[in-house]
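Have the sequence and the 3D view at hand as you read.

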Amino acid sequence: MAGPTREQVLDALRTVNDPELQKDLVTLGMIKHLQVTDSQVTLTVELTTPACPLRNMIRDDVERAVRAVPGVQKVQVEMTARVRGAPAPAVELPGVKNVIAVGAGKGGVGKSTVSVLTAIGLARAGAKVGLLDADVYGPSIPKMLGIEDQQPYMENNQILPVDGPGGIKVISMGLLVDPGRPIIWRGPMIHNVLQQFLQQVNWGELDYLVVDLPPGTGDTQISLSQLIPITGAIMVTTPQEVSVLDVEKALAMWKKVQVPVVGVVENMSYYLCPSCGHRDEIFSRGGGRALAEREGLRFLGEIPLLTSVRRGGDAGKPLILAEPASPVAQIFIDIAQQVACALSVRNLPDPGTAKRSSRLTVLR
């Protein structure tokens with residue numbers, strides 16, 4: 001009996017779709033190093049992000065499809081990943097494939113917490129990640145990462161970012177000025193410092209640059225959208241109506257400056273008593289999900305109001321690193337994975353060929 005052919009194996013692999021991109025792995029160019037030797041098949045599946053939450057399912061589907069080819073007795077599948085950049089990468093940021101802006105309509109909703117843990121969640125999956133603290137007036141990222149005592153330095157007329165926990169690269173005004181010193185600047189100065197952070201910082205090769213924005217729709221947001229193409233924005237809100245209304249205004253701003261919005265995160269969705277388990281929806285619940293549904297956006301998840309999240313930020317020990325097995329850490333990991341998947345969809349060479357799929361998992 002003749003052994004399987006390469007074309008037979010490729011035909012079988014054409015039946016396996018990437019669940020997010022809604023196209024088969026062969027068409028997407030994700031099948032690498034395919035070898036067919038007698039009854040053995042070896043191949044590599046190159047995912048579009050190391051943060052893919054469906055890695056194991058895709059691997060199992062590939063093995064199942066190949067084993068169904070007549071004559072195949074042994075299948076060896078290696079899973080790798082290569083993040084694809086935006087169709088129009090920022091020439092001002094050579095080596096940076098994707099820029100993710102994290103914003104909020106109003107302050108105090110946990111935007112910086114989402115920025116930090118999204119960045120660390122992506123890095124934990126194996127991506128190369130940078131974190132830019134663009135909140136010049138209230139830079140909280142150094143404190144949240146426990147790197148307040150570090151300073152960036154110059155090399156070959158370029159600023160080298162600080163190495164943060166989890167392997168991320170970090171730059172912030174909080175690393176350049178004395179603690180407690182206020183920044184009293186008008187709008188043009190904000191533009192200038194953002195330009196310096198973007199164009200004079202040697203970020204190196206990054207899969208994702210996460211930008212923590214100040215709240216609102218002011219100078220920083222406008223300057224950022226003018227200086228570089230943003231791959232996608234994440235909006236953070238609390239459940240109550242006053243917060244959601246401000247996010248709606250921010251969404252309108254992103255539309256005007258032609259920045260796509262990846263999705264909406266609802267923070268402080270509920271409080272779960274650690275002693276008795278009683279659940280209290282202090283700020284109401286569901287406002288973020290309802291907003292995402294109205295706007296046709298992904299709802300990225302509900303984050304509970306927990307002491308461990310606050311404690312991690314105050315102590316400079318991000319929750320995903322300090323308590324990786326905790327349920328709330330898994331919520332943040334899930335958010336990072338969904339953001340990575342959403343960007344993979346947007347970065348398809350022909351976005352019109354891929355349907356936007358619904359949310360991968362439902363957070364309760």
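A salt bridge here is a side-chain nitrogen of Lys or Arg within 4 Å of a carboxyl oxygen of Asp or Glu. By that criterion, this predicted model holds 16 salt bridges.

**Salt bridges within helices**

- In helix H2 (residues 55–67), Asp 61 and Arg 64 sit 3 residues apart, about one helical turn, and they form a salt bridge whose closest N and O atoms are 2.8 Å apart.
- Asp 61 is partly exposed at 24% relative accessible area, whereas Arg 64 counts as exposed at 53%.
- Helix H7 (residues 241–256) carries both Asp 246 and Lys 249, 3 residues apart; their side chains meet in a salt bridge at 3.7 Å, N to O.
- Lys 249 counts as exposed, with 56% relative accessibility.
- In helix H9 (residues 307–315), Arg 310 and Asp 314 are 4 residues apart, again about one helical turn, and their salt bridge spans 3.3 Å, N to O.
- Both partners are partly exposed, Arg 310 at 47% and Asp 314 at 43%.

**Nonpolar cores**

- The largest nonpolar core has 46 residues, and those touching the most other members are Leu 122, Val 129, Leu 145, Ile 168, Tyr 208 and Phe 332.
- Helix H11 (residues 327–346) gives the most to this core, with 11 residues.
- Leaving aside residues up to four places away in sequence, Phe 332 touches Thr 113, Val 114, Leu 117, Ile 303, Val 309, Leu 319 and Ile 320.
- A second, separate core of 42 residues includes Ala 101, Val 201, Leu 251 and Val 264.

Conventions: Residues are numbered from 1 along each chain as its sequence is written. This is a predicted model: local features need pLDDT of at least 70, side-chain atom pairs count only at pLDDT 80 or more; totals for chains, interfaces and linings use all residues. Side-chain values use heavy atoms; hydrogens and water are left out. A nonpolar core is a set of buried Ala, Val, Leu, Ile, Met, Phe, Trp, Tyr and Cys residues joined through side-chain atoms within 4.5 Å. Buried means under 20% relative accessible area, exposed over 50%, partly exposed in between (1.4 Å probe, protein chains only). Helices (H or I, at least four residues) and strands (E, at least two) are DSSP runs, numbered from the N terminus. Contact means heavy atoms within 4.5 Å.
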